[in-house]
There are 2 protein chains.
Amino acid sequence: MIDFRPILFIVGILLSTLALAMTLPALADLVVDHPDWRVFASAAALTLFIGVALILSTRSATRRINLRQAFVLTALCWLVIPTFGALPFAFSALNMHYPDAFFEAMSGVTTTGSTVIVGLDQAAPGILLWRALLQWLGGIGIIAMAITVLPLLQVGGMQLFRMESSDKSEKAMPRTAQIAGWTGVIYLGLTLLCATLYWTAGMGGFDAVAHAMTTIATGGFSTHDTSFGFFGSAWIDTIAVTFMLLGSLPFVLYLRAIRGAPGSLWRDEQVRLFLAIVVIAVAVMTLYLHLKNGVEALSALRLASFNVVSVITGTGYATTDFGLWGGFAVALLFCMMFIGGCAGSTTCGLKVFRFQVLYAAANIQLRRLLQPNGVFIPYYNRKPISENVLASVMAFFFLFILCWAVLAIGLGFTGLDFLTAASGAASAIANVGPGLGDMIGPASNFADIPIAAKWMLAFGMLLGRLELFTILVLLMPSFWRA
Amino acid sequence: MIDFRPILFIVGILLSTLALAMTLPALADLVVDHPDWRVFASAAALTLFIGVALILSTRSATRRINLRQAFVLTALCWLVIPTFGALPFAFSALNMHYPDAFFEAMSGVTTTGSTVIVGLDQAAPGILLWRALLQWLGGIGIIAMAITVLPLLQVGGMQLFRMESSDKSEKAMPRTAQIAGWTGVIYLGLTLLCATLYWTAGMGGFDAVAHAMTTIATGGFSTHDTSFGFFGSAWIDTIAVTFMLLGSLPFVLYLRAIRGAPGSLWRDEQVRLFLAIVVIAVAVMTLYLHLKNGVEALSALRLASFNVVSVITGTGYATTDFGLWGGFAVALLFCMMFIGGCAGSTTCGLKVFRFQVLYAAANIQLRRLLQPNGVFIPYYNRKPISENVLASVMAFFFLFILCWAVLAIGLGFTGLDFLTAASGAASAIANVGPGLGDMIGPASNFADIPIAAKWMLAFGMLLGRLELFTILVLLMPSFWRA
């Protein structure tokens, strides 16, 4: 049997923190005298009450948790936050049904960015700030997890990113906790910088803060129904592209760069390949838009860079409906969804390092065909890849495609057409945001899809955000035995 | 440098055989006094001339070929046959452009079944027989390769199917050649049985033979534009379903069954899972058609079984446009395309055994999460899977998805819309036949797509048919060095 007390203790701390976060939108609504401030205040009170109750009722338990408990804890955290984070949506002036509210909160905290809310431009500042906050917290949450928990859980090759010192020694946890803390400071700093730049570029102060939070988190929630199309500013688009990219790089490397190793960012193979993919994709897309679709060169560059970066980083901001760009553009962007950014960033998707490991493995298989008895060693970042990591990454890839297929079939069953189902499933698991087609494409949103599909998509977002394994392991009967 | 002489010697033998095969449609056209008989006669003469020239000019070379030569030989065989097999299409009364003719021949010999010919019902018997023959020869060709060459080349996990005796001993090749020979007899026997049954069910004699050849080869070429919809007979549909399934099982097991081990078919894990997938998919699809689409129960069963089997076996016969069945049905059938049948059969796709290996690997990764130091051994058919096979299959899966994505993007570039590009790429690599959408769906054909797309699809068919590795290895610069 699993001892839930130390798990619930941490969940209690998390809920209390969430309750504190809810006071910010309450203040925002108070300032403009919008009645929703009561909603946030009550939601905060309820969340705080349950959080404190959990802490008090489990405070006597041991603080040590084992591997099994760590998996339950991880999944539970990312389930409990949207469950309570949905309360303000459900009780606010928007008057959303709970499934819709849960979908929105899950889409927020997983930094997906799919929305079911129509009429953002008329929404109260509290709700808009809450959406941005959920993404911002989700973003730093996943970075912290990628530094502390995921490498220890050995999820899908994340053991590659175990800190050298974190292996067995007693000092390991405090050190990684310290690193995670400093990463948080950098995250905050980048957010403030982004907000300032947005503001100087002409955004209103509130919009600048809200968008900065969802940009650096590569989340994609906007305060306007037309997303970044609302601003129509090349300068704002450029800032967004820059900070979406910054949000897609491994945050530990920023720390290392600040601490006197500025070359570590550029020497990292994952960073290099990611940026190379972005540059090539933007160049190809620009040429395509210019030559095939007849878009003026500079506009083509702007459209291509914004949308390619928005999709590959899994942000999901839109300036236009790229679904209308033709088969080549759509197919390319669809593949971008799966790629994602770097491990240790706020992005989701398969992540670049996994493609590097898979490529190395496939390359070796091809070379082995000619020298069946040859010994080939795959490398990642100038270090040999262990059998263990290799098998883990390959299994991750298989499960990713499998989960996508199952989710797409499930979505089809709720009545969605094939394109909507296939792209919606990909967008959810890769935490991108918009899908393809009239219904859930960049020019539309998720308001009108069936409720069953919303639950499925929310589950898909959770699955993708927690690198599949963390959730799938809980579904194995053997997990709960012994 | 690679010595091409022993390779060209075998290619010469193959071309001479192909020339002999061309005399059959010539005879068919002679019987009905259609002028196309001259086309077949001249094509046969030209092919025979080149074949014999190759044999004579290289007869002095050694007969032994090394690994590198074996790869070149395999690829060259499957390139040369459609190149010459296309001649009758190009010169016949159909008056096709050579790219169209090559597409049709490649689609034939790879048992894909995509067609660019409109007006099959009015076509001369010679051309119809030639299309059927190409598929029939392609079917037995791939079975023979799966027994003799592919396991030795260790392509994508095919080393699992190496005969126990075929390893190093001198007697190995004659034994496997003998097995391949007997398999050919079974193939012929099943074709004759299928033709007889079609005939007794009401097909004309010619149609019965032509369809029997493309059924057992899971090829999918029909003699009518409306494919099996033309006959509208439940009995004929049932025979087709039965023989498509028979064509999807490993042919060596038939041999073993005849030789006194009838249980070996049913004890084979791949066969069991394949049949289980088919039964479940048909059941689900029948329920869906009946309950959601309101199709009468027995009709639903007939439609579901025919189309599910036609797609999963990669045959590609159509009785109706399943693209109109709704998102669930389309998503399910789309996934079926990727699955394919059993290794050692005439089907393509990923093949069932690879899913079993991938599932075993993924399952072990999940179990390892809880016991990081545990030792887990994956099994296939009650035997442990070696690291080598595991890595090979996983690399195959990655390359399969990668090739699909690249092909889909390429097709999009020729101007095809996303759905057509994505489904066309999948259909080609998995050697299925029809895609999805108005343009290349089951109710249409490939006549109207751009020529560049036809070349790409033909390449995709070749790639899929030769299990990717055999072609990809030739694209590595290191293959041609040393």
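Buried means under 20% relative accessible area, exposed over 50%, and partly exposed in between, with a 1.4 Å probe on protein chains only. Helices (H or I, at least four residues) and strands (E, at least two) are DSSP runs numbered from the N terminus.

This is a predicted model, in which local features need pLDDT of at least 70 and side-chain atom pairs count only at pLDDT 80 or more, while totals for chains, interfaces and linings use all residues. Residues are numbered from 1 along each chain as its sequence is written, chains are lettered from A and ligands numbered from 1 in the order in which they are written, and side-chain values use heavy atoms, with hydrogens and water left out.

**Stop 1: helix α11 of chain A**

Select residues 251-258 of chain A, which form helix α11. Its buried residues are F251(A), V252(A), L253(A), Y254(A) and L255(A). Step just past α11(A) to G260(A), where phi is positive, about 105°.

**Stop 2**

Go to S227(A), in the loop between α9 (205-216) and α10 (234-247) of chain A. S227(A) is not a glycine, yet its phi is positive, about 55°. S227(A) counts as buried because its relative accessibility is 9%.

Now switch to chain B and pick E467(B). It sits in the loop between α20 (451-465) and α21 (469-472) of chain B. E467(B) also has a positive phi of about 55° although it is not a glycine. Its relative accessibility is 3%, so E467(B) counts as buried.

**Stop 3**

Select S423(B) in helix α18 of chain B. At 1% relative accessibility, S423(B) is buried. A polar atom of its side chain lies 2.8 Å from the backbone oxygen of L419(B). Show its contacts (heavy atoms within 4.5 Å). Beyond neighbours within four places in sequence, S423(B) touches F334(B), M337(B), G435(B), L436(B) and I440(B).

Move on to A430(B), in the loop between α18 (418-429) and α19 (437-440) of chain B. A430(B) is buried, with 2% relative accessibility. Leaving aside neighbours within four places in sequence, A430(B) is in contact with M337(B), C348(B), G349(B) and F400(B). For a distance check, pick V52(B): its C-alpha atom is 34 Å from that of A430(B), and the two residues are 378 apart along the chain.

**Stop 2: the interface**

Show both chains. The contact takes 56 residues from chain A and 56 residues from chain B. Together the chains bury about 4700 Å², 83% of it on carbon and sulfur atoms. Buried area here is the accessible area (1.4 Å probe) that two parts lose on being put together, summed over both.

Colour the chain A side by element. Those giving two or more residues are α3 (67-85), α15 (327-339), α16 (352-370), α17 (387-413), α18 (418-429) and α21 (469-472) of chain A. α17(A) gives the most, with 16 residues.

How many salt bridges are there between chain A and chain B? The count is zero, where a salt bridge is a side-chain nitrogen of Lys or Arg within 4 Å of a carboxyl oxygen of Asp or Glu.

**Stop 3: the axis**

Technical notes
A polar contact is a pair of N or O atoms within 3.5 Å; within protein, one must be able to donate a hydrogen and the other to accept it, and residues adjacent in sequence count only if both atoms are side-chain atoms.
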